[in-house]
Amino acid sequence: MNQSATNKATTEEAAARRFRENLRAVPGRLRETMFRSGEPRTDRTRSAFVFGNVFLHLHAVRAHRWSLRWPTTWGLGIGALSSLFVLIFTGVLLMFYYKPYPDVAYLSIKDIHYVVPTGRFIRNIHRWSANLMVVIVLLHMARVFYTAAYRAPREFNWVIGMGLLALTLGLSFTGYLLPWDQLAYWAITIGANIAQSPREVTDALGITEWFDVGGIQKLLLLGAEEVGEEALIRFYLFHVMILPLLLVALMTVHFWRIRKDGGLARPADADNRLGSPSSDVYPVFTEAPQKTYSLAALVKGRTPAVGSGPEQTIPAMPHLMIAEAAVFMLTVALSVILALFLDAPLKEVANPAVPENPAKAPWYFLGLQELVSHSAFMGGIGIPSIVLIGLALIPYLDRETEGTGIWFGGPGGGRLVLHSAIFGLAAVLAIEAFVIRFGWIRQWWTATPQLVITLINPGTLLTLLYACYSLWSLKKYDSTRAGALALFTCFVCGFVVLTVIGTYFRGPNWDFYWSPSQWPGH
Ligand code: HEM
């Protein structure tokens, strides 16, 4: 072999060796290029891990120890997010088989339920997670309210949260129609009638011919006069595309705002309340500072306050991530357990000629349906609008600071909440019992004009009583927060009682029955 041939062989061998080495190094390099900051073992690399990840960087790099206590949030916000993940995952799987056309929709759901392997399980998980998400979002909202965590600078995040609540309910409602069975068909018919309820007023004023807001709302919702194929495709599109996209977009803003607002709300003296961390807690920020200049970033106030000690923050990675993973697993476990033991309902195929009696809206609208039975307009539009506007205004009216970040914090505190709960329950139970036993104006004087019924009905009376009690509390404690605590608690009680009555005690023709076994025809 001559010299040039030998050189060529050596070069080829070296190239082959380099290639083999590079090949062997691929897994390590892949990891390095994915996680550029190295393993998250030190404060610096932990921070870089969060910064360098498009999903995680919505988190702050460090979290206050107060935010990580279970009673601060009960993990409800992350629970809601976890339910959404479960819903998207199972929803996409269901889309492989579901067909959004009236003649095949029901059959495709039946296939999913009875034929497709694991189809019933996936459908059950989807159904129960949807209900779970509604419950968790409502509880999360209550926790934010009761810890006064909506106050400055978080006012706008509260408003965004209300958008999230509306989208969550919208998603659940639009999904309700898709099985195209009797339950779905008549529940959505009830929903559409609620949308049409302004007609109660426009009819009474004789202006429906020119100004039919109710009719337009119903038409926009259904795409036709009745629930049919236009409604189904509309609901499907909203359910699988428009609402999820809006929800994810708004949720991203919600999380980003939490970060920009300085993490979760906490009491001004949270550091003192927490005391020193126990020995198994990763050292709080710079227990042993290496560099003196970092003190400027550690202490509160406008001037260097060397004596005041470091803030009690710990790295989000791994502490917050572990807590979030735990909540995620709990939420998934709950949905799976429910799905294993309870089947999602599926009645006969939708039949527009055979109305369900009673036809009931989804459970979270049954409180409204109860109010609608007293006055369609007040129950469907009037009172919900008052409640929504009232809720949105809370953070802008309550400009106080006492009790921020503390359960039932603020003047009156837990005692006021207890008294308001007693008042709220007593008022709604008394009014409902009266109406069920003795009827209302229309039954006593049949010729009563509709506008009088719209204005004076059990729903408006209840709202008025709650408002008066709230004003009284506001004056008694000389505090807007006290008024808000009273009003919110009363409305929670009203919502729960009306929902329970609508769910369990209303039968055919929306008459009151102690049990479904007493329904006529049983
Ligand atoms: C899809 C629905 C929602 C999701 C996924 C969500 C998620 C979250 C998460 C993860 C947090 C931080 C941790 C926690 O509080 O658990 C949070 C905080 C917050 N949320 Fe929500 N949320 C939702 C709906 C709402 C609603 C309905 C409201 C109120 C109307 C609301 C208002 C707030 C506020 C003001 C904060 C800051 C609380 C604080 O600083 O302590 N959110 N949310």
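Which helices each supply at least two residues of the shell around the ligand? They are helix 5 (76-95), helix 7 (119-146), helix 8 (155-177) and helix 12 (229-260), where helices are DSSP runs of H or I with at least four residues, strands are runs of E with at least two, and both are numbered from the N terminus. This is a predicted model, in which local features need pLDDT of at least 70 and side-chain atom pairs count only at pLDDT 80 or more, while totals for chains, interfaces and linings use all residues. Residues are numbered from 1 along each chain as its sequence is written.

Helix 8 gives the largest share of the shell around the ligand, namely 7 residues. There are 25 residues around the ligand, of which Thr-73, Gly-77, Ala-80, Ala-149 and Gly-161 come nearest; a residue is near a molecule if its C-beta atom, placed from the backbone, lies within 6 Å of it. By class the shell has 17 nonpolar, 7 polar and 1 charged residues, with Ala, Val, Leu, Ile, Met, Phe, Trp, Tyr, Cys and Pro counted as nonpolar, Asp, Glu, Lys and Arg as charged, and the others, Gly among them, as polar.

The protein chain as a whole has 22 helices and 2 strands, and its C-alpha atoms fill a box of roughly 115 × 70 × 45 Å along the principal axes. The chain is divided into domain 1 (63-267 + 311-356) and domain 2 (372-522), with bounds that come from an automatic or database domain assignment. Taken over C-alpha atoms, the centres of domain 1 and domain 2 are separated by 24 Å. Across the interface, 22 residues of domain 1 are in contact with 27 residues of domain 2, contact being defined by C-beta atoms, placed from the backbone, that lie within 7 Å. On the side of domain 1 that touches domain 2, helix 7, helix 8 and helix 10 (199-205) are the elements that give two or more residues, and helix 8 supplies the largest share, 4 residues. The residues of that side divide into 16 nonpolar, 2 polar and 4 charged.

Phe-488 counts as buried because it has 23 C-beta neighbours inside 10 Å, and the cut-off for a buried residue is 20 or more other C-beta atoms within 10 Å of its own, against 12 or fewer for an exposed one, with partly exposed in between and C-beta atoms placed from the backbone. Buried residues make up 36% of the 522 residues in the protein chain.

Note on methods:
Contact = placed C-beta atoms within 7 Å.
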